[in-house]
Amino acid sequence: MVRSRVLVARLDNAGDVLLSGPLVRAVAARAESVTFLAGPHGRAAAELLPGVDEVVEWCAPWIDPEPPAATPAHLAELRAHIRAAQPDSALIVTSFHQSPLPLALILRECGVPWIGAICEDYPGSLLDLRHRVEGDPPEAERALSLARAAGFELPPGDDGRLAVREPLPDVSGLVGEPGYVVVHPAASVPARQYPAERNAEVVRLLAESGYRVVVTGGPAEGDLTARVAGEHGLDLAGKTDLHGLAAVLAGARVTVAPNTGPAHLAAAVGTPVVSLFAPVVPAARWAPYGVPLVLLGDQDAPCRDTRARSCPVPGHPCLDRVPPEEVLRAVEKLGGAA
């Protein structure tokens with residue numbers, strides 16, 4: 001069948017949306033238009049993806065960490081979005097622990113004739129393509145395999161890495177010339193976050209080694225970034241939107257970050273990443289993709305694969321035991337001496 005108006009759905013966080021970028025570009029290479037259905041935490045990232053023509057926001061009760069009630073009115077809002085987009089096909093992109101079937105049911109009810117997804121559960125008549133993925137590939141490759149199974153291939157010359165729309169905004173007024181190191185201390189959940197006092201020590205060591213240090217964060221993270229930046233780093237908390245943050249990251253020689261959306265945003269602009277990665281989810285799937293990388297943190301810690309939001313192990317040993325000096329050495333390895 002001809003698939004000219006394709007809906008791509010990824011309803012979770014910004015990093016997850018960025019990792020679906022190669023899939024989106026493969027779809028866009030053949031489709032006339034791509035509508036991206038995103039959750040509230042992923043909308044800004046969806047707007048940065050090359051190949052997306054329209055972004056629709058809706059909060060999924062079965063995916064969002066603070067789920068709304070699945071009321072008739074809320075579900076009717078989604079149906080209205082789908083009918084307005086009039087897709088002739090849809091690809092539902094989910095993590096391994098999420099089900100595509102609730103959304104597939106609503107898409108089918110709205111008359112979408114062809115639906116594909118990665119799915120372990122029996123889909124009945126809800127999916128036309130039930131794609132299975134063996135092993136533990138990186139999440140970007142896992143999603144791209146769904147596009148390929150649906151008949152969409154990346155265009156010639158596309159290497160399948162993450163990407164954002166260009167041009168990026170000019171942020172020289174905020175950060176000066178490129179060549180600094182970005183430290184992004186915050187993560188979406190506490191279990192993934194390196195301790196603030198250790199991050200502050202990282203910033204101090206970097207500055208004393210001759211690096212310019214920029215500390216980034218959202219508007220609600222100002223107390224944390226101020227503590228981490230101290231007297232040695234430039235605190236940018238709340239001073240950029242996601243597009244501006246992409247530009248800041250693009251000017252960095254290295255980004256230091258936990259497993260969080262900005263780490264994937266750094267990868268999308270081609271910046272090497274020192275990843276302070278808590279193993280509550282597998283690094284094989286979720287580490288920054290397609291850029292030079294140093295992975296720090298005990299990947300065999302007792303919290304491994306628990307998907308915990310708060311650390312279940314006293315002392316948070318997977319990250320608390322990473323010395324700041326090791327972070328400094330990782331920055332020097334990826335970015336060279338100051």
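The buried residues of helix 9 pack against strand 7 (180-183), helix 8 (196-208), strand 8 (213-215) and strand 9 (234-235); packing here rests on contact, that is, heavy atoms within 4.5 Å. This is a predicted model, in which local features need pLDDT of at least 70 and side-chain atom pairs count only at pLDDT 80 or more, while totals for chains, interfaces and linings use all residues. Residues are numbered from 1 along each chain as its sequence is written, and side-chain values use heavy atoms, leaving out hydrogens and water.

Helix 9 spans residues 222-229, and its buried residues are L224, T225, V228 and A229. Viewed down the helix axis, the buried residues of helix 9 fall within an arc of 120 degrees, so they line one face of the helix. The face turned away from this buried side carries the exposed residues D223 and R227. Buried denotes under 20% relative accessible area and exposed over 50% (1.4 Å probe, protein chains only). After helix 9 comes G230, with a positive phi near 55 degrees.

Elsewhere, an open sheet of 6 strands has the order 3-2-1-4-5-6 with parallel pairing, two strands being paired if DSSP finds at least two bridges between them. Its edge strands, each pairing on one side only, are strand 3 (54-57) and strand 6 (129-131). Strand 2 (residues 33-38) runs parallel to strand 3 and is joined to it by 4 bridges; T35 has E54 of strand 3 as its bridge partner.

Key: Helix = DSSP H or I, 4+ residues; strand = E, 2+ residues; numbered from the N terminus. Arc of directions from axis to C-beta.
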